[in-house]
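Have the structure open as you read.

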Amino acid sequence: MGFCCSGECGNRPCWAGHYMPCYAGWVGPTVLLCIYGFSSMMRPIEPFMAEFFTGSYKNLTTEQVTKQVLPVWTYSSLILLIPVLLVTDLLRYKPVIILQGLTYVTTFLLILFGSGVGSAQLALFSYSIAMAADVAYISYIYSVVQPSYYQRVTSYVRGANLLGYAVGALLAQMLVSLGGVSLYCLAFITLISVSGALITSLFLPMPKSSLFFKGTHLAQERTSDEDADDSESQDFNIWVKSVRAAKHVERMFRRLILDCKECYSSVAVLFFCIWSATGTCGFYQIEGYVQLLWVYIQPHNFTAYNGGVAAISTLSGAAATVAVGHVSLEWSVWGELVLGVFTFLIAGAVFLMALTDNIWISYICYILCKTIYMQLITICTFQIAKTLSRTRYALVFGMNSFFGTVLQSVLTAIVINTKSLQLTIIEQFFIYASYFAAISLLFIVRGVYTVLHMKRSGAGNQAERATDLPEGSHL
């Protein structure tokens, strides 16, 4: 038996000339993508990145990192997200995954060998390209396997991501605490890991069509052949192709706008999308600046347990994600209220992080915050996905990410880059806590309204059914 990566085994002979059972078709791409996901996420330097920048390795000040370096990632993501989202589907994922691998390698080369604020900013810009390209990693597997395997491959691919990050963080903590390894060595290990991811991406099979613009590639090839046969001059042929390309782009954007209107027309789905965007914005803001908070609490503490905290929070978040999938609850009724209550817990944890000067309390609050966030974003994801066709997954989740990035850019501009405010890291976290408290209030009010509305509607329907019963049917 040969090994097939096409995803169409059982329908035709694979490249080895044998008919294969269906499982082989999803095993090949899934294994390669899981290896890529694990290697790209195993980045031991990340839990200690703030210490690496502000310590003796790069000699940047905390103010430079806060106001000049980290905002580059937020603003760059805002500019890059939509173009990368559109190009990802048109190029059919694999080239964008390769680009992601290249930009990861570029990022950590700059972090290792660059110096000064400019080099750090360039590294964060390259990193923002890699993060924007993450939509290709998420969407790729759906274009090469049969729909019956979606649930299974999704769990494997996301599991590889989480496992890679947890292993990287745990490895970093063990090397720092037990082996006395320098942060420079952690950065070098990270570079090796992402280089392995880049090599793996080259072996991924190329999808035959995209999810959102499925079939357009074949249509373009047919029209190009027709143009080549019918056109008498080369110039006319080029002109016809240009006109057709322009019309194709116009149809693409028209369909994009219509699909956005249809997807966000449901109020229930809209509120889950709102939490997905606002919750992700707040969490990424905390994730981006929490290491600077820990540096403030314990300045230049090389024996800090950032790696262990990152590993524990990732694994507890993964466990919470799995657990919420087994909770039997009428999410259409209670979902918004659950989001509101648990968002209030996040607000409380962030508020306590801002108040305390004990590093261990701050660590525990961060673990709680990340665990709850991963649980709530999972609820939003499956509630949104339940109402969508699979061709719109990348569109809606990409748009949610874009709106979240827009909000994060606004928050960064106000909290970090407003010169008149000059907020300390503690004051910034008070603002983030207030931000989550405002989201919590919105969803608690909306959740209570939804529950009361649903109960009233249910009671009204019951009464209506009772009055419609024939007399003999009453007990």
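First, a definition: pLDDT is the predictor's confidence in each residue, running from 0 to 100. This is a predicted model, where local features need pLDDT of at least 70, side-chain atom pairs count only at pLDDT 80 or more, and totals for chains, interfaces and linings use all residues. Residues are numbered from 1 along each chain as its sequence is written, and side-chain values use heavy atoms, with hydrogens and water left out.

On average the chain gets a pLDDT of 80, and 77% of the residues score at least 70. Helices here are DSSP runs (H or I, at least four residues), numbered from the N terminus. Helix H8 (residues 183–201) has the highest mean pLDDT among the chain's elements, at 95, while helix H9 (residues 216–230) has the lowest, at 46.

| Stretch with pLDDT under 50 | Contacts beyond four places in sequence |
|---|---|
| residues 1–24 | 41 contacts |
| residues 469–475 | two contacts |

Now the salt bridges, meaning a side-chain nitrogen of Lys or Arg within 4 Å of a carboxyl oxygen of Asp or Glu. How many are there by this rule? The count is two. One joins the side chains of Arg43 and Glu46, at 2.6 Å from N to O. Both Arg43 and Glu46 are buried (under 20% relative accessible area, with a 1.4 Å probe and protein chains only).

In the other, Glu336 pairs with Arg446, and their closest N and O atoms are 3.2 Å apart. Glu336 sits in helix H13 (residues 331–355) and Arg446 in helix H16 (residues 425–468), so this pair ties together parts that are 110 residues apart in sequence. Glu336 and Arg446 are both buried, too.

Conventions. Buried < 20%, exposed > 50% of the residue type's maximum accessible area, 1.4 Å probe, protein only. Helix = DSSP H or I, 4+ residues; strand = E, 2+ residues; numbered from the N terminus. Contact = heavy atoms within 4.5 Å.
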